[in-house]
Amino acid sequence: MGESRPISRREFLGAGLAAAALAACARRPPLTGSLLGPSRERGHLLRSGRFPVAAREEKVPVVIVGGGAAGLSAAWELRRAGFDDFELLELEDRAGGNAAWGRNEVSAYPWGAHYLPVPGPHATELKVLLRELGVLTGADRWDERFLCHAPEERLFIHGRWQDGLFPSDAMSAEDRRQKERWDARVRALRAGRGKDGKPLFAIPMERSSSELAALDGLSMKAWLDREGFTSERLLWYLDYATRDDYGGTLDEVSAWAGLHYFAARAEGDDDRVLTWPEGNGWLVERLLERAGDRVRGGSVVMRVAPDGAGAVVDALDAASGAPRRLRARQVIVATPRFVAARLVPGVSAEGFEYAPWLTCNLTLEPPRDGRGAPPSWDNVLYKGEGLGYVDARHQDLSLDRRRTVWTYYRPLTGGPDARRREAFGWDWEKCRDLCLDDLSRAHPDLRERTTRLDAWLWGHGMVLPRPGFLFGARRRAALAPRGAVHFAHSDQSGLSLFEEAHYRGVMAARAVLSVLS
Amino acid sequence: MTHALLASLFVVATCGLVYELVAGALASYLLGDTVLQFSTVIGAYLFAMGVGSWLSKFVGRGLASRFVQIEILVGLVGGWSAALLFLTFTYAAGFRLVLYLLVLLVGTLVGMEIPLLMRLLKGKLEFKDLVSQVLTVDYLGALGASILFPLLLVPHLGLLNTAFVFGLLNVGVAALALRILRDEIPDAARLKAGCAAAAALLAAGLAGSRVIADHAEGSLYADEVVFAKTTAYQRIVLTRWKDDWRLFLNGHLQFSTMDEYRYHEALVHPALSAHPRPRRVLILGGGDGLAAREVLRDPRVKEVTLVDLDPGMTGLFASHPELSRLNGGALRDPRVSVVNADAFKWLESSLGGFDAAIVDFPDPSNFSVGKLFSAPFYRLLKRRMAKGGLISVQATSPLFARRSFWCIEKTMADAGWTTAPYHAYVPSFGEWGFVIGAEKPYRAPLRLPEGLRYLTTATLPSLFEFPADMSRVDAEVNRLDTQALVRYYEAEWEKVVQ
């Protein structure tokens, strides 16, 4: 039966109620957890460069190296074209790449990429996939179960939660003017087209006009200075955005990349996002289902060498150490560039920089929440060290909210190499404290409420679109195949996005198919 | 020194009365029946003061030390009394026992204060001045407390903080006495430490009272609480005043036995009786079994599945003698199977094939519950119904939450239901709204089950007429990504409550 109005006496007694003591008395198990990450041993195996070679050669018409979003998308495209004669070799036991995910008794949760903005008009291939998965339904409508449920975002500022991420609490008139000017700029850029008829900013980025290529030459910060954007709030918000999408600060990423984040979204003001408890792991799992038994996990590929009309792939079975040699007509190397450079002779990763990341998953009872906007999907702390946390059970349709999992994201900005070296020395306790100290500002009893905290250090989390990189020669060079060896990765776009990975994977598959036919 | 002692006396007198008022107010708010609670609390308190006065004659040497000790104790026990009582009420049985024990303890200690103070003042004043001044100050303190308590203390500090603050004042008096009577106190260091410890404990309570408030049960009931239980999901409280039993979940009224038949008849029969052959019926929510009772009135129904999240709730209403009498033993009826599960999740994996579904969720007051009023939910429910199936949805008040009501109606229509909105008057709730979802335009049934007290076939069609102040208003469809309903509901009820 419906709720009636609250009893008036309740207000009368107001603050006069009881019981913290009990909550505090309830004995809790100590906080446990572990530190995870991409298999360093397997990675180092590759680094050593020495490996046994199999005596026997297996003939596999097409080999895909790497089971992240790009490799799995290539497999999906091959199968969609009716081509089944391929093998996908993945280093880890479970594929997924940056969309890795986990699950415990409370919820599934992401370790990396956790959402997909509603694709715009240029992401044709991606829309085909999403239609196949039922995310995009008949009448061009998004299945709202997969759209981020309300409330989507909130920001902890001045001791309370506000709705939305832009720090709009106590804005000055100048802040407001600059925000309006910024919004107008973004709207114009979204609608704009170059002289070549292409959109100024598109996803996939390859379909953008080159009209504003000059913007790639300066940092986002330099561009903002030039345009007179000085509002502290606006700059924080934009810095948050570039750290969120690229793992770099306004000084570290190019203006073209920084603007792309805002201006390449879907038509109009459609800022909706698609998300799942396990993040983009959901997409990866669907792709894995479609790739079926063509995927071989635990395969450490040591070398991919163009050879005559085809290529030779040398791999080790991670469990047994047994070597395999595959002779392929075509190969798609769907790994980050720094890995491809170790696999394929003559390939260089120079110019490719990567932002290291820390991700933590906290299993907890919802802690005290503070005043203001209610718990949302994305919960950000103004001027926090990290990017806040995402509630893995936000999309859940059940009423039972006694426990949940939060995913904490923190790009390690400020010089990728130095930070990576530093982060390699971190143990679980260090990661735990970095996370809890950051979030406790909004939730003072977080530590007591958390029963488990797992941390994941991504040494090479995301390719960093430094000024000059997106329109530079090195990225261009990474697009071209070397003989029968094609490349497919979001690194080729310089933007670490699922959409870009999918596009690169599909394009590589198409190139392979056209050669084979 | 005399003036300082008299000032202490004023504070002590005020504190004493404040503890009494705190206990009386708490007892009447938690237990109801103000006259009884205040009378017995005041009676017990005064009696205990008498006991204290009598006991004071046994205090011989070390008068000043004893006085300081008593002040510390009164401050500590009185200061924590409100918090202890709330905790007991919320988490433990035997609230009355604890209440009267506390009242007797504080009363006894307070009763010793005045005689001891009088003896301390002896020799400093003439007897006639002593009696007159002490009693004057005592009564002035009482007047101060009785005026401050309702006008200033409770509205601004709340009961918890009031008690803590006065506890600190008592300890302050102890500290003051320590200072001015230092010549007569040999063990001053120990008492000083006691003062500090008590002050720290009270300060901790004061600092933590906000936390205590956040965690505590927020609902206090007008009538006698006859049953209270905290399950994994909610706080269930049953109150009774004569024949009127009321069920509260987390402080929100769910039904009153005086008029729940109006609500449940209106919820169930307009849809169920309109079905030509309802055999399998689904009830979502409704763990009290009252909707099930109504469904079972229809002899054509062979099978009822009741899905409610909380086993504590369905267990209580299946086994408690009084409560299962209310639902006519519906939850133990062989035709009824009870499932404790999350409705949305359960429905996703259910085989379906229901002829009618009664949807009785709590109002959409938060985003989790709001999902159970969304278009995907009604679409899913539609897929789980047999051909010709009808659903009936509790849809909050079309009078107090008009846009919310029409938002629910519009959402059901968006999900493909042909809707028939209607309303009924339930005195303890006010005007309440429901929406029937059907395949074809709804036609009111020509027959209703036997034994109804509210619905008649003649008046049923009138429920589907909406007067001007409840008539349709434009509203958005409640989608998961916007949750318009929760926002409407919040705004509308906020207005009503103010």
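Analyst: What follows starts at the sheet, moves to the core, and ends with the other chain.

The model is predicted. The open sheet belongs to chain A and has 5 strands. Their order is 13-4-3-17-23, and the pairing is parallel. Strand 13 (295–296) and strand 23 (485–487) of chain A stand at the edges. Each has a single partner strand, so one side of each is left without a neighbour in the sheet. Strands of a sheet pair through backbone hydrogen bonds, either parallel or antiparallel.

Now take one pair. Strand 3 of chain A covers residues 62–65, and strand 4 of chain A covers residues 86–89. The two run parallel and are joined by 4 bridges. One bridge partner can be named: Val62(A) has Phe86(A) in strand 4 of chain A.

Next comes the packing. The largest nonpolar core has 138 residues. Val65(A), Ala74(A), Val331(A), Ile332(A) and Val333(A) have the most contacts inside this core. Helix 16 of chain A gives the most to it, with 8 residues. In soluble globular proteins, nonpolar side chains tend to be buried together.

Val331(A) shows the packing at one residue. Beyond its neighbours within four places in sequence, Val331(A) is in contact with residues including Val63(A), Val65(A), Val304(A) and Ala311(A). Its contacts also include Val313(A), Ala484(A), Val485(A) and His486(A).

Another core, of 82 residues, lies apart from the largest one. Among its residues are Val393(B), Ala420(B), Tyr422(B) and Leu455(B).

The C-alpha trace of chain B spans about 95 × 45 × 40 Å along its principal axes. Its radius of gyration is 30 Å, whereas a compact globule of 498 residues would have one near 23 Å. Of the 498 residues of chain B, 49% count as buried.

Arg332(B) sits in the loop between helix 10 (321–326) and strand 7 (336–339) of chain B. Arg332(B) counts as partly exposed because it has 14 C-beta neighbours inside 10 Å. Leaving aside neighbours within four places in sequence, Arg332(B) is in contact with Ala318(B) and Ser324(B). From Arg332(B) to Val473(B) is 42 Å, C-alpha to C-alpha.

Note on methods
Residues are numbered from 1 along each chain as its sequence is written. Chains are lettered from A and ligands numbered from 1 in the order in which they are written. This is a predicted model: local features need pLDDT of at least 70, side-chain atom pairs count only at pLDDT 80 or more; totals for chains, interfaces and linings use all residues. The radius of gyration is taken over C-alpha atoms; the globule rule is 2.2 Å times the number of residues to the power 0.38. A residue is buried if 20 or more other C-beta atoms lie within 10 Å of its own, exposed if 12 or fewer, and partly exposed in between; C-beta atoms are placed from the backbone. Two strands pair if DSSP finds at least two bridges between them. A nonpolar core is a set of buried Ala, Val, Leu, Ile, Met, Phe, Trp, Tyr and Cys residues joined through C-beta atoms within 7 Å. Two residues are in contact if their C-beta atoms, placed from the backbone, lie within 7 Å.
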